[in-house]
Amino acid sequence: MQLEFRETLGERINKHSREWLKEFKLQAEMGDVDGMIWYAKLLFKGNKRRPPDAPHAIYWLRKAARTNHEAAFRVAKIFLKGKYVKSDPEKAYLYFRIASLSRCKCGKYSEELHSKRISNVHSCIHNESLEAIKSMKLSDADISRYEVKFISWKNDNLK
Ligand SMILES: [Zn+2]
């Protein structure tokens, strides 16, 4: 009996990864946002037959970012750190601003939570995005320039 299970764990994960890749690709192409995020995750990871494909992964994350604030936040961090891509403060700003459109749900303790005077179990993407922008220490001129880009993104992508 054991002989039938000779494939190693790595091989099995790889096989599943290929199936998941196909499945999530389909979902992503049909416009499913969770599918896009999962597909992006798998593309970042790659598998035995397919090396990681960061440009493609970022393409799908950026698409997901139109409606998913966590995806926007991830894209922003990628452009901020220059991980996988050349560091690009303009794009980092754009995606942090998109992420900052998420609602703060911290309620009456928001001040304490945002200033980390009390610890939060859940992250607040709204506030973390604004904090990240602050920590970029952009000049006023850059901020005005980037803000124009953000507003035009908003007009193109959100009703
Ligand atoms: Zn908050």
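How many residues of domain 1 are in contact with residues of domain 2? The legends below answer this and then turn to a pair of helices. The model is predicted, so local features need pLDDT of at least 70 and side-chain atom pairs count only at pLDDT 80 or more, while totals for chains, interfaces and linings use all residues. Residue numbers start from 1 along each chain as its sequence is written.

**View 1. Domain 1 and domain 2 of the chain.** Domain 1 covers 9-64 and domain 2 covers 69-159, with bounds from an automatic or database domain assignment. Their centres, taken over C-alpha atoms, are 25 Å apart.

**View 2. The contact between domain 1 and domain 2.** Six residues of domain 1 are in contact with six residues of domain 2 (C-beta atoms, placed from the backbone, within 7 Å). Helix α3 (residues 54-64) gives the largest share of the domain 1 side, five residues. Helices are DSSP runs of H or I with at least four residues, numbered from the N terminus. By class, this side has five nonpolar, no polar and one charged residues (nonpolar: Ala, Val, Leu, Ile, Met, Phe, Trp, Tyr, Cys and Pro; charged: Asp, Glu, Lys and Arg; polar: the others, Gly among them).

**View 3. Packing of helix α4 (residues 69-81) with helix α5 (residues 89-100).** The angle is about 160° and the axes lie 8 Å apart (lines fitted to C-alpha atoms over the stretch in contact; angles run from 0 to 180 degrees between N-to-C directions). α4 and α5 are therefore roughly antiparallel (angles over 145 degrees). Residues of α4 in the contact include Phe73 and Phe79, and those of α5 include Tyr95 and Phe96. The contact has eleven nonpolar, one polar and one charged residues.

Terms used:
Helices (H or I, at least four residues) and strands (E, at least two) are DSSP runs, numbered from the N terminus. Angles under 35 degrees count as roughly parallel, over 145 as roughly antiparallel, 65 to 115 as roughly perpendicular and the rest as oblique. Two residues are in contact if their C-beta atoms, placed from the backbone, lie within 7 Å.
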